[in-house]
Amino acid sequence: MLKDPRMVDNNSASEYLLDKCLKTIQNEVKNLTLNLNEEQTRRIQELEAELQKAKSVIDFFQGKLESVKDSHAKEKEELNEELAREKEQCTKEMQLIQGLDRRVICLIDGDGAIFSLVQVAKGQAGGQTAAAKLTESIRQYLPSDHYQLSVWVFLNKGGLLETLRKCGKEDARRNLEDFIKGFNQAADRFLMVDVGSGKEAVDAKIKAYLEDEAKALQTIKVVFGGCHDNGYLTTLRSLITAGYAAKVVLLQGYIEMAAGFRTLELPCLKVPDLFEPEKLCPSANVSPVISAATPAVPPGLNRETVRSNSATFVSIPSSSAPISLRTPLLPIQTTSQGVVWRNVTSPSPPHRSRHIDPNKSLSKQEPPPCNVFYLTGGCKFGASCTFAHDYLLTAEHIETMRDNAKKSPCATLNRGEACVFGDTCCYGHKCQFGSKCHFYKMGMCKFIAVGMHAD
């Protein structure tokens, strides 16, 4: 059967249109795909470019970070080195400060602890040698370097010169001044001081510095060179009672220390050949010289007596006038015991016109009357005495003075030496309270010699 031509044409047209639409769609899809691919490619390229930039930035900052790390490590190392240097410097400064704040004080009574006369005879060189030997011994005893060492020697140079003359030690006597210079120049804090011939002048200095330095916080040790004189025992016992025993070291001069020092049980430092091992004794071949400044006899003594540790035998005839220590003495004969002296003149006593103030005790007078002058008949200080010689005293006043004087210990006997006045001494040879003395039991009594508290 034949198809209708119009139908054939319609079908063809439909197919044609369909094909055309398909091709159009295909082209559009193709174009769309191409465009999409191009867009994606472009976007990928952009993203890759951004990623590359990001990588560059990251690399840059990583480089900076590494650089900062390296710089920080270097700075840290430098800071650690600087901190170590500052720490070392601070340690040194602290040690120095501790050394400045920590002191060792050596106190020497040069009237008894006499430096070796062999070194004294060498003058300045001997003084420097003695200072070096003392320093080395103390440094060995106290090995720490963190302290300052000061050495103070107090002495009566005039008295020592006279002793050397009496002992026939002329080489030492001539070079004593140079020895002192050498000792003082050996170190900045070494000092040898002449305190003169005042009564107990050296003792007063030593006791004052001993108490002050032992109690000072900066002082770690006090090396005490006065073991020949037990007059220092009261001060030492007081320091021990107060809890300062650990600070005190005894520096031994003579081979035998004075009575009482061993009982303190304090550590003792011995320096070989630094001091004279025994007390100097006048030579029998040296003629004694009596001067106004060096009295040879006790004032007012009208009997023969022998001076302790001396070869001089003194004989003074009785006299109604008081004998002054300024009275010139001349030898009248020589005996097996020594030289016998007599006084040439008896000066008149001073004019007495001062009256005692009845409202004050004798010790409160201004100035008080001189015990030695009124109780013995003379005073070696004469017009220069700090106490008065011109009071008009009654027998009652004299008796009161005698009682008061007996309450003070005899300085000579207190040092463990023999008192030439014996029972006639105006000062006390025994404590009035005996074994019942409260202060003696506490170690604080002024009477410190052996036997002064025996009943």
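Let's start at Ile-138: beyond its neighbours within four places in sequence, Ile-138 is in contact (heavy atoms within 4.5 Å) with Val-104, Cys-106, Tyr-147, Leu-149 and Leu-269. This is a predicted model, in which local features need pLDDT of at least 70 and side-chain atom pairs count only at pLDDT 80 or more, while totals for chains, interfaces and linings use all residues. Residues are numbered from 1 along each chain as its sequence is written, and side-chain values use heavy atoms, leaving out hydrogens and water.

Ile-138 also belongs to the largest nonpolar core, a group of 36 residues in which Ile-108, Phe-115, Val-151 and Leu-251 are likewise among those with the most contacts. Such a core is a set of buried Ala, Val, Leu, Ile, Met, Phe, Trp, Tyr and Cys residues joined through side-chain atoms within 4.5 Å, where buried means under 20% relative accessible area with a 1.4 Å probe, protein chains only. Contributors of at least two residues each include strand E1 (103–109), helix H3 (124–141) and helix H5 (170–185); H5 gives the most, with 5 residues. Helices (H or I, at least four residues) and strands (E, at least two) are DSSP runs, numbered from the N terminus.

Now for the sheet. Its 6 strands form an open, parallel arrangement in the order E3-E2-E1-E4-E5-E6, with pairing requiring at least two DSSP bridges between two strands. E3 and E6 (268–270) stand at the edges with a single partner strand each, so one side of each has no neighbour in the sheet. Further in, strand E4 (residues 219–225) runs parallel to E5 and is joined to E5 by 3 bridges; Phe-224 has Leu-250 in E5 as its bridge partner.

Terms used
Buried means under 20% relative accessible area, exposed over 50%, partly exposed in between (1.4 Å probe, protein chains only).
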